[in-house]
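Subject: Structure handed over, with notes

Hello,

Here is the structure for you to look through. My notes follow below it.

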Amino acid sequence: MSILAELRRRFAAALSAVAGDAALASLAERVIPMQGGKFGDYKAECAMPLGNSLGRPPRDVAAEIVAQLNVSDLCDPPEIAGPGFINLRLRDDWLVAQLRRALVDDERLGVPAVAAPRTFVVDFSAPNVAKPMHVGHIRSTVIGDALCRVLKFLGHRVVSDNHIGDWGTQFGMIIYGWKHFGDEAALAAEPVAELSRLYRLVNQLVDYHAARSETIPALTAELAEQQATVASLTAAPDPADPAERKAQAKRRGQAESQLAETRRNLADLEAKVAAIAADVRLKPLADAHPDIGRAVLAETAKLHAGDPENRALWERFLPACLAEIEQVYRRLGVEFDHTLGESFYEESLPGVVADLHSRGLARESQGAVCVFLDGFDAPFIVQKQDGAFLYATTDLATIQYRMQQWRPDAILYVVDHRQSDHFRQLFATARLWGYDQVELQHVSFGTVLGEDGRPFKTRSGATVGLMGLLDEAVERAFSIAAQSEALTTDAQRRAVAERIGIGAIKYADLSHNRTSDYKFSYDKMLAMTGNTAAYMQYSYARVSSIFAKAEAELGVDVAPLRAAAELRLDSPHERALALSVARFGEALDRVLVDYRPNALTDYLFDLASKYASFFENCPVLRAETAELRDSRLLLCDLTARTLRRGLALLGIETVERM
């Protein structure tokens with residue numbers, strides 16, 4: 001069970017009895033795990049706010065809560081401390097009983113399935129298929145996969161859907177590129193490489209013309225405004241009031257930071273434009289295709305309108321793109337129930353716009369069809385002036401299909417934070433359209449950064465390909481495997497290196513709070529100490545080695561002990577490890593509070609740390625008695641199985657030897 005959830009349920013009942021108001025049961029959320037364990041395992045901080053609301057001393061209120069609290073079957077008598085904290089220590093016999101259930105439950109480790117399962121659609125990864133997957137796709141892919149695994153484990157119905165970009169402007173770029181710059185022999189030899197070359201070339205030319213005509217002039221004007229703002233703030237006299245002086249310094253610092261960022265962006269853009277202008281191959285192409293941006297949009301519109309030539313090219317190019325992406329997913333161990341890309345909804349789009357019109361939710365504005373939403377400055381455009389549909393239209397059609405087909409209680413979109421405005425408008429439109437009974441959640445995440453603190457790129461400035469990223473991680477992990485005396489053949493080392501390298505990439509991403517940016521570092525990812533996959537995998541391998549030694553040296557098999565041996569918690573290190581094991585279900589609940597897998601990585605790191613302390617202080621195979629040895633082997637068994645299961649829920653494989 002989730003110990004924390006059970007304690008909160010019991011506190012909710014006690015709080016309602018004391019306050020006479022069921023609404024105050026929300027204060028039960030103030031029951032939290034206690035760090036260190038010196039004063040208990042959990043503490044309740046609800047007496048202070050309740051005392052304030054009732055106008056009574058918090059310690060008196062705490063005493064009343066304790067009098068109404070029914071926890072004698074799982075806790076020692078509660079203690080009131082300080083201004084009204086209620087400290088709780090789990091009974092050792094109750095804790096042993098929970099571990100006993102986990103010992104005989106190979107699959108679930110004593111974690112029950114939810115009583116009221118929900119249906120979740122999880123939309124994640126979603127690359128544009130016209131180009132290879134890159135480092136920017138790693139976060140959506142591994143976060144979404146981990147959430148699917150945890151949701152399924154807890155008993156929910158999960159539908160994973162990879163909403164690939166197979167119908168947008170990127171295909172217009174490839175079609176335009178093929179018609180003007182294509183190489184038939186190159187396509188036959190390496191189709192994805194040739195299509196990627198065309199995409200990059202056309203994208204470069206489009207960006208070049210857009211930068212010269214639009215982006216650089218706009219950034220130049222923005223820079224001038226920011227320079228004026230900084231000059232004004234710098235020239236302003238310092239206020240006499242210290243608080244106002246501090247606030248002014250903060251405003252000046254923020255303005256200077258924005259100015260520096262705009263300067264960097266402008267310099268980067270000007271450098272890219274200058275590089276193309278100086279390139280003897282690209283400059284003539286740019287001059288020969290001055291209207292390439294509009295032409296690409298025209299090719300896209302023709303594809304959407306069913307133009308036979310463009311449709312035939314799309315059907316020719318798409319299979320190779322999908323096969324390339326599937327290779328990456330196999331390498332990562334990621335699977336989807338459905339891969340319904342933008343093209344799947346093509347025929348639904350006119351009906352979506354017509355229905356929005358008929359309901360009075362959409363209207364024409366300057367030739368486009370828009371939904372105007374309260375609280376938003378810009379309208380939500382669902383059809384452009386030229387009749388083309390947008391991501392907005394496709395996303396609405398997707399919601400409609402998912403609700404009709406799967407009837408979910410929640411739809412999770414694991415997409416980076418830069419799309420936040422789009423999803424706010426999408427969700428607001430969907431609710432107006434009648435989909436107001438489903439949870440629509442943007443599970444946003446930050447950016448993968450290089451050592452310079454900017455989005456991770458190659459030295460040439462190109463986006464880092466995901467397959468190359470995985471290759472290098474595995475190659476670096478091989479140097480770790482090569483040092484292991486437990487791995488005796490090259491094949492063993494290669495197999496272990498694959499698990500370590502892929503696990504390192506995944507774990508490094510998942511161990512960060514998903515809304516934060518993080519710096520990509522192979523050295524940190526593959527470190528054998530700290531909160532890394534390599535340390536977790538090493539911890540599992542170290543526990544596993546005990547079982548091999550127990551059988552080889554003592555003839556003891558741990559499997560029969562699960563049902564027969566007595567489990568004892570005589571030492572504080574044994575108890576701390578036991579408590580950490582018992583909190584596995586609690587950690588999974590925390591993952592789903594706000595869809596943050598780092599709650600599980602934090603738990604696993606704590607479990608591995610507790611095991612390291614136990615291992616240092618509590619001899620297992622050399623325990624004083626056979627009974628104590630068997631008890632400690634059971635704790636090792638639970639630790640290993642929990643580590644393995646926890647890592648599996650993150651999509652990370654363990655290794656038996658390392």
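How many helices and strands are there in the protein? There are 24 helices and 13 strands, where helices (H or I, at least four residues) and strands (E, at least two) are DSSP runs numbered from the N terminus.

Before the rest, note that this is a predicted model, in which local features need pLDDT of at least 70 and side-chain atom pairs count only at pLDDT 80 or more, while totals for chains, interfaces and linings use all residues. Residues are numbered from 1 along each chain as its sequence is written, and side-chain values use heavy atoms, with hydrogens and water left out.

The whole protein

The C-alpha atoms fill a box of roughly 85 × 70 × 60 Å along the principal axes. Of the 658 residues, 49% are buried (under 20% relative accessible area, with exposed over 50% and partly exposed in between, using a 1.4 Å probe and protein chains only). Among contacts (heavy atoms within 4.5 Å) between residues at least 6 apart in sequence, 74% join residues at least 24 apart.

Empty space

Rolling a probe the size of a water molecule over the atoms shows where empty space is left. On a 1 Å grid over the protein atoms alone, a cavity is a set of points where a 1.4 Å probe fits but cannot get out; a pocket is an open set with protein on both sides within 12 Å along at least five of seven lines; lining residues have an atom within 4 Å of a point. Points are joined across faces, edges and corners, and a volume is the space filled by probe spheres set on them.

The count comes to 1 cavity of 30 Å³ or more. Its lining includes Arg 139, Ile 143, Asp 509 and Leu 510. Helices α5 (138–153) and α17 (490–510) each give two or more residues to that lining.

The second largest pocket has a volume of about 520 Å³. Of its 23 lining residues, Met 34, Gln 35, Arg 583, Asp 606 and Lys 610 lie nearest its centre. The elements that give two or more residues to this lining are α21 (572–582), α22 (584–593) and α23 (598–617).

One residue

Trp 178 is found in helix α6 (residues 169–181). Why does Trp 178 count as buried? Because its relative accessibility is 14%.

Regards
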